[in-house]
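Open the model in your viewer and keep the selection panel at hand. Each stop below tells you what to pick and what to look for.

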Amino acid sequence: MSLRHYTDAFQQLAVQLPSEERTAREASLQRFTQAGFPTRKLEDWRYTDLSALTDQSYALPSPATPDLSHLHLEAATAQIFVNGGDGAFTDTGREGGAVVALNAAFARNGLDLDIGPGQSLAQPLHVLTWTGHRTSAMTHLRHRIRLGANARATVIFHHAGEGAYLTTQVTDIDLGPGAQLTLYRVQDESAGSTHLAQSDVRLARDSVLDAISIDLGDGLARHDLNVHLDAPGAQAGLYGLYAPSGRAHVDNHTRIHHRAPHCGSREFFRGVVAGSARAVFNGKVVVHEQAVKTDSETRVANLLLSKTAEVYAKPELEIYNDDVKCAHGATFGQIDEDAVYYLRARGLEADVARALLTQAFAQQVIDRITHAPLRALVTRRFLERLPQGAMLETLL
Amino acid sequence: MSTPAQNIQDLVRKGEYRAGFVTDVAADTVPPGLSEDTIRFISAKKNEPQWLLDWRLKAFARFQKMTEPVWAHLHYPPIDLQSISYYSQPKSMKDGPKSLDEVDPQLLETYKKLGIPLKEQEMLAGVAVDVVFDSVSVATTFKQKLKDAGVIFCPISEAVREYPELVQKYLGSVVPQGDNYYAALNSAVFTDGSFVYIPKGVRCPMELSTYFRINERNTGQFERTLIIADEGSHVSYLEGCTAPQRDENQLHAAVVELVALDDAQIKYSTVQNWYPGDENGKGGIYNFVTKRGDCRGKRSKISWTQVETGSAITWKYPSCILRGDDSVGEFYSVAVTHHRQQADTGTKMIHIGRNTRSTIVSKGISAGHGQQSYRGLVRVQQSAENARNHTQCDSLLIGDACGAHTFPYTEVRNPTAHLEHEATTSKIGEDQLFYCLSRGISAEDAVSMIVNGFCKQVFKELPMEFAVEAQKLLSVTLEGAVG
Amino acid sequence: MNMLEIRNLHARVEGKDILKGIDLTIRAGEVHAIMGPNGSGKSTLSNVLAGREDYEITEGRVTFEGKDLLALPPETRACEGVFLSFQYPVEIPGVSNMVFLKAAINARRKHQGLPEIEAVDFLAWVKDRVKKMHMDIKVLQRGVNEGFSGGEKKRNEILQMLLLEPRLMILDETDSGLDIDALKIVAEGINTMRSPERATLLVTHYQRLLDYVKPDFVHVLAGGRIVKSGGPELAQELEARGYGWLDAA
């Protein structure tokens, strides 16, 4: 195993750092090199193999000024991080696996949002990360969101780029009592990319998280979303659409920890998998001993569009007390041929009918997006990737 | 006044294991230890041909390179395989299996106590029984009647001698020697078990059944069962298991292989009631079992039904490889974990052939400090056009100290697949319970009724006599855990 | 000119012969009713005409306005003016009625070489027809048939028919599951579409709908064949005597 390129890159970075930060980051780097990139031998990485990254060489990024107008979002305040941005290197140390350790060694500060008690963000924040470079580069960002009691915010993470690169994004979110966060994540990275992300959300009493995750990227993407329902009355809704095609590989791992009474969680993911793409969904709900009156439901449905597409789904329940109501369901199937016939009997061509039904299947997640410009952007990007999708665009 | 919930807790605490007695019989037991010599000893004891000894040794070589699996949701101290005796037989069985008339009366008495009469006049009508006591088969009933139908039903050690070509052809063809740690161990040291062959077109005239009993202290039981259903044949096979109540844990690591050729059907039912340990988790059987059926032929069908009430630890995933086009796999399971019992059980359905269908119904009941996991895999390979699976997986929780977990893996590589997985977990319905109580039904009966209702879908898959037995067993376990 | 000509039509589904030689001619302006007991092949006939692919045509031919209907895919038949009101309309969650109707209308217009319909005109037009069917305007934003009652689904079928203005209307058991008020609304919808240029094929088990939509011809389908044809009085007779007497005849 050789992680030489990473340690070399770190040496280049280290010279720019003040000594105490350097020491902390060296410790993170060491944790990373000791663990190495996860392999399929680990249960959590059973379907996603990162060992190929071991010998990859990614350079530290350099500044760029790409035209990002096509990624502009109306009715939102933009915060843009091109090639990792120019944030400070002050955030160090954090528990976590190899990916988090790698991030902790290299990351610049990304979004740092702090909303005071009772305050609301005037309009959604559009956090756009973009990576692109002449040679393969890597970017690492560390984001933080803190909402005080009864504060409200909508944050849109939007990840895109060009060419071959590695990016890691680690996000920590704390919701105060009664706070409400709507968190969007649109992963639209390039075909040559590897996108590794982890988000941890802690919820205080009666706080509400709505997390909507859209994976449209063409590269390898993995997102670990860990939700901690730490106090009574907290509610989390996790929604997701993954639509990989070509040779894309998308892996969503969610963990919802119920640690307090009277918390609720809902999880609703849909997959539309085309080409030779692979999709992985692992949704785990853990109900700890003290979390009585837990109400939890997970649903994942998958549509396979091609003979070479693959889906691996595992909705899990781990329950350590008896006063709960938990359910999960998973389905895999094709487009309903009765519906195709119905549409054809009304004059729609067969492939348009199939595209419309595929779009409708995805729409049930897309409709969760209440921010209209974002919903339009996601719809457009989804249709662009769908065979016959262009024909639908005029329809919708 | 006690609440229904408290009543349940009280019931759960009682607990009683009715098969926990020891038969005081003189036995030949080899000293503990696992080595090539142990294997040579077993093989010699069974008068085995050289090929089988070589097969065992090969398995042992594989085993030595393997490590114990740790992925299961189970917690137990490491098992010292060197402290186990790998062979034990009653002294009276020294000269090999005898006719029923010559079997040691003490052994016959043991089975009678367990509800398995072996004497000709008392035999269960319509059920042929092979009884395995520690490492040897004691007796097989109705042998002649089956022989007349062309059915072979005998201890596997006998089959090795009498039908070597069948054994050699199929042994290890479903569960290869190196399949997993415990299967490799079993392949090296297996002692006895049943062998069944149903010839072409034959519908087996009676239920076949094997009753496994662990008796001797510090022994492990490593049985091996092989069932082959030739083209167009049908067989229904049942197994039961019990062991004495002891403070130490005993290891049971079995391998069961089923082969169904074109249009053949095998129905395999288990009522597993190994000693579960006491309420503090002392003693009990470690049940590490590999069961797999190969639907090798077109339109073949393999159906697993299991009622798992015993064992301190259960690790078992009766599976179906749906290789033949239009083949069908089924798995129906009721598992109870009570006191400190732990179970990690479920199934694997591997869809390879076209139009293959599978059904999974799993009902888990956790009480006391029991921890139970359903672990299942449904895999649809690229070749499996039009595969169908339906999985229903429900857990019932009784008491606030138990746990129920669900780990269903689904892997789909063909777009024509249609799969549905549904799982629910909830506590026993207080409303239902209260309703019963308000109609004058005792808490015990009410819980028993509700739990039996919860399991009905599985019980109806069992042959009649077993269904009744299973319901009683469930009630006893839950008297120890439910009504 | 004959609008629809069915000659010696045989069809089978899942290896079972259902239609065993149907002959039927329908001219523009006519209303035909096909009646028959359950399992006689009524729905099979409707679906064969609409182009469902599960059915295998083993013999015979069907021409629609001189074209070989059986050679056309379902969508082309629809664009040519064949409309099937489904016995069991499917629910399509996620596709709103509005999107669906626009898609269907524009598909037909494209087929006719017409430009896409103007959004404003379309909306006004749709709203008018929705009102005619006594439906709630909100229905347009809901998924196609999603969560509709049986009666709502049938009304939605007729709404589509009003908007698509087909040449041949095939109504498969449209009266089943309707209460009397809904039946009247549906019948009114069908009647407004009656014209010398259009033809109607009512497929029904009961005579009830025929009280409101008067047929010119009634045919009895049994065992995959038309065993009797006549005028409206035949429907009355069937209502009074059931289908049993036909076996004896």
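Select chain C and look at its contacts between residues with a separation of 6 or more: 70% of them join residues 24 or more positions apart. This is a predicted model, so read every value here as computed from it.

Colour by secondary structure. Chain C shows eight helices and twelve strands. Its C-alpha atoms fill a box of roughly 60 × 40 × 35 Å along the principal axes. How does the radius of gyration of chain C sit beside that of a compact globule? The two agree: chain C has 18 Å, and a compact globule with 249 residues would be near 18 Å. Now colour by accessibility. Of the 249 residues, 55% count as buried.

**Chain C, residues 42–50**

Select helix H1 of chain C, residues 42–50. This helix is mostly covered, with eight of its nine residues buried. The buried set opens with Lys42(C) and then takes in Thr44(C), Leu45(C), Ser46(C), Asn47(C), Val48(C), Leu49(C) and Ala50(C). Step past the end of the helix. Gly51(C) follows H1(C), and its phi is positive, near 105 degrees.

**Chain C, Glu65**

Move on to Glu65(C). This residue lies in the loop between strand S4 (55–64) and strand S5 (67–68) of chain C. Which residues does Glu65(C) touch, not counting those up to four places away in sequence? Show Met1(C), Asn2(C), Met3(C), Glu80(C) and Arg167(C); these are its partners. Then draw a distance to Gly81(C). Glu65(C) and Gly81(C) are 16 residues apart along the chain, and their C-alpha atoms are separated by 10.0 Å.

**Chain C, a helix pair**

Select H4 (119–132) and H5 (150–164) of chain C. Their axes come within 10 Å and cross at roughly 135 degrees. That angle makes H4(C) oblique to H5(C). The crossing is right-handed. Show side chains for the contact. H4(C) brings Trp125(C), Val126(C), Arg129(C) and Val130(C), while H5(C) brings Leu159(C), Leu162(C) and Leu163(C). By type, the contact residues of H4(C) and H5(C) are six nonpolar, no polar and one charged.

Keep one rule in mind while you turn the view. An α-helix has 3.6 residues a turn, so residues three or four places apart point the same way.

**Chain A, a helix pair**

Switch to chain A and pick H4 (337–344) with H5 (350–366). These helices pack at an angle of about 125 degrees, and their axes are 9 Å apart. H4(A) and H5(A) are therefore oblique to each other. H4(A) passes H5(A) in a right-handed crossing. Which residues meet here? From H4(A), pick Glu337(A), Ala339(A), Val340(A), Leu343(A) and Arg344(A); from H5(A), pick Ala350(A), Ala353(A), Arg354(A), Leu356(A) and Leu357(A). Sorted by type, the residues of this contact are seven nonpolar, no polar and three charged.

Most residues other than glycine have a negative phi. The next two stops go the other way.

Stay in chain A and centre on Lys293(A). Its phi is positive, about 60 degrees, although the residue is not a glycine. Lys293(A) is found in the loop between strand S14 (278–287) and strand S15 (294–304) of chain A. Lys293(A) counts as partly exposed because its relative accessibility is 45%.

Now centre on Ser311(B). Here too phi is positive in a residue that is not a glycine, at about 75 degrees. The loop is the one between strand S14 (301–308) and strand S15 (313–316) of chain B. Is Ser311(B) buried or exposed? Ser311(B) is buried, with a relative accessible area of 0%.

Zoom out to chain B. Chain B has eleven helices and 24 strands. Its radius of gyration is 22 Å, close to the 23 Å that the globule rule gives for 483 residues, so chain B is as compact as a globular protein of that length. The C-alpha trace spans about 65 × 60 × 50 Å along its principal axes. Buried residues make up 65% of the 483. Of the contacts in chain B with a separation of 6 or more, 84% come from residues 24 or more positions apart.

**Between chains**

Finish with every chain shown. Chains B and C do not touch; their nearest C-alpha atoms are 16 Å apart.

Terms used
Residues numbered from 1 in each chain as written. Chains lettered and ligands numbered in written order. Predicted model: local features only at pLDDT ≥ 70, side-chain atom pairs only at ≥ 80, totals over all residues. Heavy atoms only, no water. Buried < 20%, exposed > 50% of the residue type's maximum accessible area, 1.4 Å probe, protein only. Helix = DSSP H or I, 4+ residues; strand = E, 2+ residues; numbered from the N terminus. Axes fitted to C-alpha atoms, helices over the stretch in contact; angles between N-to-C directions. Parallel < 35°, antiparallel > 145°, perpendicular 65-115°, else oblique. Left-handed = near helix turned anticlockwise from the far one by under 90°. Contact = heavy atoms within 4.5 Å. Nonpolar A, V, L, I, M, F, W, Y, C, P; charged D, E, K, R; others polar. Rg over C-alpha atoms; globule rule 2.2 N^0.38 Å.
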